[in-house]
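Open the model in your viewer and have the selection tool ready.

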Amino acid sequence: MSVAQPKPVKPGRRSFSGGIHPAAAKQLARDQPIEVVPTPKQVRIPLLQHVGALCEAVVKSRDEVVAGDLIGKSEAPVSAFVHASISGKVAKESAATLPNGRRVPTVPIKAGDEQLEGQALFDDTYGGEWPTLRLDLPRPDLILQAVRDAGLVGMGGAAFPTHIKLAANPDRPIDTLVVNGCECEPYLTADYRLMLEAPRPVITGALLAASAVGARRIIIGIEDDKRQAAEALSKAAESTGIEVRLVRTKYPQGSERQLVPVLVGSNVPAAGLPLDVGVVVVNVATAAAIARAVLRGKPMTHRVVTVTGRGVVQPKNLLAPIGISYGELIELAGGITSQAARVLAGGPMMGFTLGDLDTPVTKGTSGITVLTRDDLQAFEETACVRCGLCVDACPLNLVPTRIALAARKGAWTLAERYHINTCMECGCCAYQCPAQIPLVQLIRMGKAHLAAARV
Amino acid sequence: MVEATNKAASPPQDAPVEPGLQVAPGPHLSSTGLSTRRLMVDVLIALIPVFAMALYLFRWYAVLQVGICVVSCLAVEAITSLWRGSRPSLQDASAIVTGVILGLSLPWSAPWYVGAVASVVAIGFGKAAFGGLGQNIFNPAMVGRGFVMISFAASLGATAYVRSGTGLEILTQATPLTAAKELSGSLPGLWALFVGNANGSLGETSVLACLVGGLYLCLRRSAVWLIPISMLASAAVVAGLANLLMPATPLTVLQHLTSGALVFSAFFIATDPVTSPLTGRGQVIFGAGLGALVVVIRLFSNYPEGVVFAVLLMNAVVPLINRVTIPEPLGGLPVDA
């Protein structure tokens, strides 16, 4: 993405226009406290779990590793290190297909006898003391180094390496750090549980991240259906100067282009980043991971994953080691029901379907949603009657029907005239379409075609 | 190629693939409340007060005329879709909507074949010829109405509305717009025009009934309110200007707004999503153009009413309107693309 000249942008509004209100179904898992997953017999840790370059394994088959040991690294500018999530013996490298369709090498580790388990693991990750008031802020470059060494990536889903986001740039001063606790994707509750059960590391991490980027203001944005989480965070943030703000519950409120205008008041330029308006956005789970990396020197080895949907027996929020398989987590949630029809990596709006339940969980896996046949009532696609509901739903002010139908016909000039590449694929249009036209799917295909044609 | 070489190594058939799990691109949810059919059924519901008023004023003539049009439209829709080799898509109810609107736009006295011919032209040429639902440029009902208006001038002209001896008193008066055009007879009072106690095409007489139905459509968001509002506002402005510049014009602004098919078309014809622009800005331009054209045709042409031609003309420029009103994406235009 180009970060060219920032264009003057209009001020944002209190709530973004467009968007949809899908049945959130958060009640399935929102009251399930985070459970620690027992150490699996084996994990398979992908060497690419982030946006950027593939890591190279730094361990060989039959090496003994301890949880937290570095197992893959890359010196490429955009990449993130990977670490062993359990202790044990490295097995022969194998490949796995991630939900996004990329086939990547993985480092399998067979579990040894010595493991950190249960409450001890939870305490090690999120428990214990997290200073918020008399926090001795390390130098920004040391924070950055710790974050890079810990292999942190954005845990909201996009998995962009965090140390790049936090690197201060003298040409682009940062004014505000936005901590994203929206979790607008239906069904998912991992961030909600984390904010509720471990608010202090989130606050500590936010203070560290703000110090690294030089932000003088920290705003935590939370959708107003997660009031309790907001209260827990406000309490933890007492006297720190951090603002906790409720925003309207609407999909895709958690998208940067929607959240930044609502909280800060300026629109992110279409071809730019929040950086262009002096803002850095980190997810709440990422903030907690920053605290853990900087103050405890612990890398990203575990994350909270929501296993939910009417297609699993008992929805749960699980603290799982990176590299465990989706299938094992689903088993821990009681397995799938006879009605299960689709297993998704992530939530139902932007999640990918899984063809293979042996796929390993990565740093960006926020949830596993199992939908039933009832959830997926299939209607027949009918003709576009240009009703404009997709235009009203589009949070980026695009005209989805024109773009999608142009892409279907291969009318690329028309698609570009309607700004096909601005689309962020949130799926509001396809959700809303009364004719059941797969709008965002067609747009996605069109974007891929255009990207391929440009090379 | 991959399949062939991997055959030996591939796992046994019963191993990893979970039975019955599907793979599909997201999003995996869709709004359950919405379908094309619902949009169409909403239009039909909104037309109930309009039809009730027609029934009250014109009795069985209303049932007959609307009935002929609906049946013919459905038949033509079925035949043309079979002809095009696709399954008849009657269940989306769009042909019924066209039929009802067409029927309500005709005079009570039009002979049966007028409705039938109008339906054939509406669905056959106005819709099927373009490729069916969603593909047409012109409002099908207005294509049919325009065709019979010119072809059967006598059956649809001003005199067709007036007849004595039917037992219905209202039918002895000229339609308000004809009365105004010919400066003959007297116009009903504003209240009578508003409630619909006047002669005219079946569905157009009662502004009140159209407002009730139109409000329902807009509240259900099955029609965009921008189009009727901008259309009525622009008609009022142009009519007001006409009054100022040409004091001899027979109709006041309020009379313009309450007589003829202006309000009926603003809510039920102009809002046809297929033939109106996609974006808010485009919808305002479209509505404003319609309102102005209707009044201009009323004032300067030989026809007392201008809705049919105004709609067809504005329909023709919708692609152009769409093109010049491509909205700027949130965050401005990309610098590099």
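This is a predicted model. Start by selecting strand β18 of chain A, residues 367–372. Because 5 of its 6 residues are buried, β18(A) is largely enclosed by the rest of the structure.

To find one pairing, select A:T306, whose bridge partner in β18(A) is A:G367.

Keep β16(A) selected and show chain B. The contact between the chains takes 60 residues from chain A and 42 residues from chain B. Which element gives the largest share of the side of chain A that touches chain B? That is β16(A), with 4 residues. Other elements giving two or more residues to this side include α10 (389–393) and α14 (439–454) of chain A. Colour this side by class: 35 residues are nonpolar, 17 polar and 8 charged.

Last, go to the largest nonpolar core, which has 253 residues. Among the members that touch the most others are A:A206, A:A209 and A:L233. Helix α8 of chain A (residues 284–296) gives the most to this core, with 10 residues. Domain 1 (116–296) and domain 2 (389–454) of chain A both contribute residues, so the core lies between them. Finish by selecting A:A209; beyond its neighbours within four places in sequence, its contacts include A:L166, A:V282 and A:I290.

Conventions. Residues are numbered from 1 along each chain as its sequence is written. Chains are lettered from A and ligands numbered from 1 in the order in which they are written. This is a predicted model: local features need pLDDT of at least 70, side-chain atom pairs count only at pLDDT 80 or more; totals for chains, interfaces and linings use all residues. A nonpolar core is a set of buried Ala, Val, Leu, Ile, Met, Phe, Trp, Tyr and Cys residues joined through C-beta atoms within 7 Å. A residue is buried if 20 or more other C-beta atoms lie within 10 Å of its own, exposed if 12 or fewer, and partly exposed in between; C-beta atoms are placed from the backbone. Domain bounds come from an automatic or database domain assignment. Two residues are in contact if their C-beta atoms, placed from the backbone, lie within 7 Å. Ala, Val, Leu, Ile, Met, Phe, Trp, Tyr, Cys and Pro count as nonpolar, Asp, Glu, Lys and Arg as charged, and the others, Gly among them, as polar. Two strands pair if DSSP finds at least two bridges between them.
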